[in-house]
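Opening the notebook on a new model.

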Amino acid sequence: MKTPDASWEFHLQSLIASSPGGSDKSRNAVYTIPVIFHIIHAGEAVGNYPNITAGQIAAQIEILNEDFSAQGFNHTLYPLNAFSNWAINQGLPAAHLDSLGRVKMADFQIEFCLAHIGPNGQTLAEPGIERINWQQKLWPNPVNYTNPTTFRQYLDSIVKPGSFWDPVKYMNIWVCDRDSGVGYAGYGLFPALSGLPGGNANTGDSVDGIWLYPKSIGSPLKFAGGIYATPNVRGRVAVHEAGHYLGLRHIWGDTLCGNDFCIDTPPASSENLGNPNYPHGAGSCSTPSNNPDGEMFMNFMDYTAGMFTYMFTESQRIRAHTAMQNSPNRKLLGTHGLCETPTALSDDLKMDRLRVYPNPAQNMIKVNIAEADIKSMVVMGIDGSRLINLHDKNECNISHLPKGMYILKVTTTNGQLLMGRFLKE
């Protein structure tokens, strides 16, 4: 990952300033990002390293969706007084705070889905997966490159240009082995903005996206049959790199007490590792001071061990939404019908019928389930597009939706999926 240069950041800040709240969409609207994983191997059978299985990929998508909706692993560890002094000292707006006065863990209203349709309109045999034998492509072995510079040159000059799918339609994620000398487990490129490349990198279409080390993908808690670097892998490398893909910087600003251009992340002296305790690093930065609450080591954009990162902030959400609205390779993602759609609604709806009332409706709809029993509620178009995403609610404002038929999908706290239809008049 290369740090964005001053011209890129200036342009992004101008875009944020011209779009109050960071979104011209309904605050309950959802962006959907179709994902294609290009798994690079040397002919190994599926399930043998590095040719990881679809189950491990699916686990990573689930983790991305949980973490970007503030519902991920260990999110309940957030301290009861987390960064409340920082919020007061900085006069943070109410939209950046939760009901306890803490810096809010933000629901990004961004979802990731495995692409079901390929670039030629074909249905993919494995949703979201393209398997590529580097030997058949006559590419060099990725483990031949023994340092970060040469490995990235290999990816950006050979692998990515020889395999990328249209980045206007897909989020490209490349997966391959690497020599231990490379060191890192992933890197993501920043979004280009109106002709400006992402960061200092030449982020043309052929290289836009993310690279991941296979053993960093998914989690044994989600898919026990995967191949992981350690039992503690939680899929947070992909979450961190997806943050860069959406325009987020490291919380320490890549320099001593640097600037990540987010008003609700306290300054940090450098990256954090391992499992710090809150408050950590209080007083490590003085302009402005992060005393007494310290550094936000649990933020996904730090380097803390993956088990112990579990949050984004509202300012980070605003940056991501601004990128989704303005970047040439982000603003049309999710508009091409590439993800799984409920074409077999008659089959899906046989799971459990959901009572939606009133039906037809004009303004509000409710379901016959207590709020305490609801984990999520999603309103979908008949094409499968996600239009509204709520948590812990049993009613929904649909007044802004056009007239027509919609699908409502509710996931309960015990994991039950219920679906129903309603007509908007």
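Below are my entries on the pocket, then on the sheet.

Ground rules: this is a predicted model, where local features need pLDDT of at least 70 and side-chain atom pairs count only at pLDDT 80 or more, while totals for chains, interfaces and linings use all residues. Residues are numbered from 1 along each chain as its sequence is written, and side-chain values use heavy atoms, with hydrogens and water left out.

I looked up the second largest pocket and got about 720 Å³ of space. (A pocket is an open set of points on a 1 Å grid over the protein atoms alone, where a 1.4 Å probe fits, with protein on both sides within 12 Å along at least five of seven lines; lining residues have an atom within 4 Å of a point. Points are joined across faces, edges and corners, and the volume is the space filled by probe spheres set on them.) I found 31 lining residues, with Ala 185, Gly 186, Val 237, Glu 241 and Tyr 303 closest to the centre. Elements giving two or more residues are α4 (148-159), β5 (186-188) and α5 (236-245); α5 has the largest share, 5 residues. (Helices, H or I with at least four residues, and strands, E with at least two, are DSSP runs numbered from the N terminus.)

Sheet. Next I checked an open sheet of 4 strands, in the order β10-β9-β12-β13, with antiparallel pairing. (Strands pair if DSSP finds at least two bridges between them.) β10 (386-391) and β13 (417-424) are the edges, each pairing on one side only. I also looked at β9 (374-381), which is joined to β10 by 5 bridges; Met 377 has Leu 390 of β10 as its bridge partner.
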